[in-house]
Amino acid sequence: MALPFTLEAQEPAGQARAGRLTTAHGDVLTPAFMPVGTVGSVKTLTPDDLTSAGADILLSNTYHLALRPGVGTVRAMGGLHRFMGWSGAILTDSGGFQVMSLSPLRKITEEGVSFRSHLDGTAAMLSPEEAIRIQDGLGTDIAMSLDELVEDGATPEQVRGAVDRTIRWARRGLDERDRLRERGGGTMALFGINQGGTIAAARRRCFEALEGMPFDGYALGGLWVGEGKALGLEMVAHDTAMFPSDRPRYLMGVGHPVDVVEAIARGVDMFDCVLPTRNARRGTVFISTGRLVVKNAAYARDERPLDPACDCYTCRRFTRAYLRHLFAAGELLGMRLASVHAVHHMIRLVRDARAAILAGRFAAFRSEVLEKFHSGETLEPAAAGGA
Ligand SMILES: [Zn+2]
C-alpha cells in the first residue's frame with residue numbers, strides 16, 4: 001500500500017476517528033486540515049508559517065500548476081516540494097474541478113475534458129491518464145482520480161451518466177498509475193472520488209464499483225455545492241458508513257469550522273478549503289466564538305487580539321485595532337497576519353478534535369466548540385480602549 005494508515009482511536013459511541021497517514025514526507029495526523037496552496041503558494045504565507053501553525057500536509061492545484069509554470073518546469077526543479085520549499089506532505093487535486101469552474105469552452109467527452117486555458121486561451125485536454133501523469137510529474141504524495149462533477153440540481157439521468165463516467169475514469173487513472181509504476185514512477189498514493197450528488201442510491205452504486213479498485217483512500221465528491229448543510233451532512237454519514245474503516249476519507253472543499261466538526265463527527269479524516277484564507281485576505285476571520293470582520297470600524301481602538309483564545313503569532317502580538325488599521329490602509333501585512341491566524345485556527349481546531357477523540361471525549365468537545373462558536377462572545381467591540 002502506497003499510503004499506510006493507522007487508526008489510533010475511534011469514538012466509542014460515534015464515528016469520529018483519529019489516525020495517522022505515513023507519507024514519504026512525514027506523518028500526517030488526522031483529522032487533518034490542508035491549507036490550500038493553489039499555484040504552489042499558500043497566499044502570503046511561507047512554508048515556515050505553515051509549519052509553525054502545525055501543518056503537516058497542504059493541497060496544491062494541478063490545473064493551475066500544469067498551466068503555469070508547467071509540469072516540465074516543476075519536474076526540472078526537483079518536484080513540487082523542492083520547488084516551493086515545503087518538506088511536508090502534499091495532496092494534489094485532479095485538475096477537474098478547476099477546469100470545470102475556471103475554463104471557458106470546456107467540453108466533456110469519454111476521452112476527457114477539453115478546455116481552453118483561462119490564462120491565454122490555449123486549447124488542451126485533461127484525460128484521466130493525463131491527470132495522473134501530471135500529478136506524478138509534480139511529485140505529489142497523494143493524487144486524486146479525475147471524476148465528473150455533478151452540479152447541484154442535475155437530473156437523475158445526468159447523475160447516472162456522471163457516476164458511470166467517474167467509475168470508468170477511476171479505472172483508467174489506476175491503470176495509468178500501474179503503467180507509471182512499471183517504468184519506476186507512480187509512487188504516489190491515489191484516492192478515488194465518490195460521486196452521485198445528493199442521491200443516496202447513486203452514491204452507493206458509485207462506491208460499490210470503486211470499492212473493488214485498489215485505491216489508497218476515498219474522497220466524498222460533489223458535496224457543499226449548494227445542496228444545504230443538512231442534506232450534505234446526511235450524504236457524508238451515508239458515504240462514511242460504506243467506506244472501509246482502514247482507509248482515509250477526505251471531504252473535499254469543506255472548511256467552515258462548524259462543518260468540519262460535524263463532518264469529523266460523521267467519520268471524515270481530511271479536509272481542505274480556501275475559505276478560511278480567502279476570507280482572511282478580505283478581512284474576515286473565524287475565531288473560536290464566531291466570525292469576526294476585522295475591517296469593522298468598531299474595532300478601531302480594540303486592544304484585544306483577533307481571538308483571545310488563540311495562541312498564533314498574530315494573536316500573541318497584535319491588537320484588533322492594529323489589524324483593522326492595516327486593512328483600512330490597504331497594507332499587505334494585514335492580509336498576511338490575518339492568514340497566519342486563519343491557518344493556525346483551522347489546524348488547531350482539528351488537532352483539538354484529535355486530542356478529544358484520543359481522550360474519549362469527542363462528544364463533549366463537539367458540543368463545547370459549537371456552543372462557543374455560536375455564542376458570539378468577544379465579537380462585540382470592547383467598551384474600553386479610550387474612545
Ligand atoms: Zn490567532
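Helices here are DSSP runs of H or I at least four residues long, strands are runs of E of at least two, and both are numbered from the N terminus. With that settled, α5 is the element that gives the most to the lining of the largest pocket, namely six residues. This is a predicted model, so to speak of local features we need pLDDT of at least 70, while side-chain atom pairs count only at pLDDT 80 or more and totals for chains, interfaces and linings use all residues. Residues are numbered from 1 along each chain as its sequence is written, and side-chain values use heavy atoms, with hydrogens and water left out.

Let's stay with that pocket for a moment. A pocket is an open set of points, on a 1 Å grid over the protein atoms alone, where a 1.4 Å probe fits and protein lies on both sides within 12 Å along at least five of seven lines; its lining residues have an atom within 4 Å of a point. The largest one has a volume of about 1,200 Å³, taken as the space filled by probe spheres set on the points, which are joined across faces, edges and corners. Its lining has 49 residues, and Phe 97, Gln 98, Ser 101, Leu 149 and Val 225 lie nearest the centre. Besides α5 (96-102), the elements giving two or more residues to this lining are α7 (156-182) and α11 (275-281).

The second largest pocket has a volume of about 290 Å³. Of its 15 lining residues, Ser 288, His 345, Leu 349, Asp 352 and Lys 372 lie nearest the centre. Both α14 (332-358) and α15 (362-375) supply at least two lining residues, and α15 gives the most, with five.

Now turn to the zinc ion. Its protein donors (N, O and S atoms within 2.8 Å of the metal, or 3.2 Å for Na, K and Ca; water is not among the atoms, so sites may look incomplete) are Cys 310 (SG), Cys 312 (SG), Cys 315 (SG) and His 341 (ND1), at 2.1 to 2.3 Å. Along the sequence, these donor residues follow the spacing C-x1-C-x2-C-x25-H. Why is the arrangement tetrahedral? The four donor atoms subtend angles of 101 to 121 degrees around the zinc ion, and four donors count as tetrahedral if all angles lie between 85 and 135 degrees.

Technical notes
Tetrahedral: all angles 85-135°; square planar, octahedral: opposite > 155°, others 65-115°.
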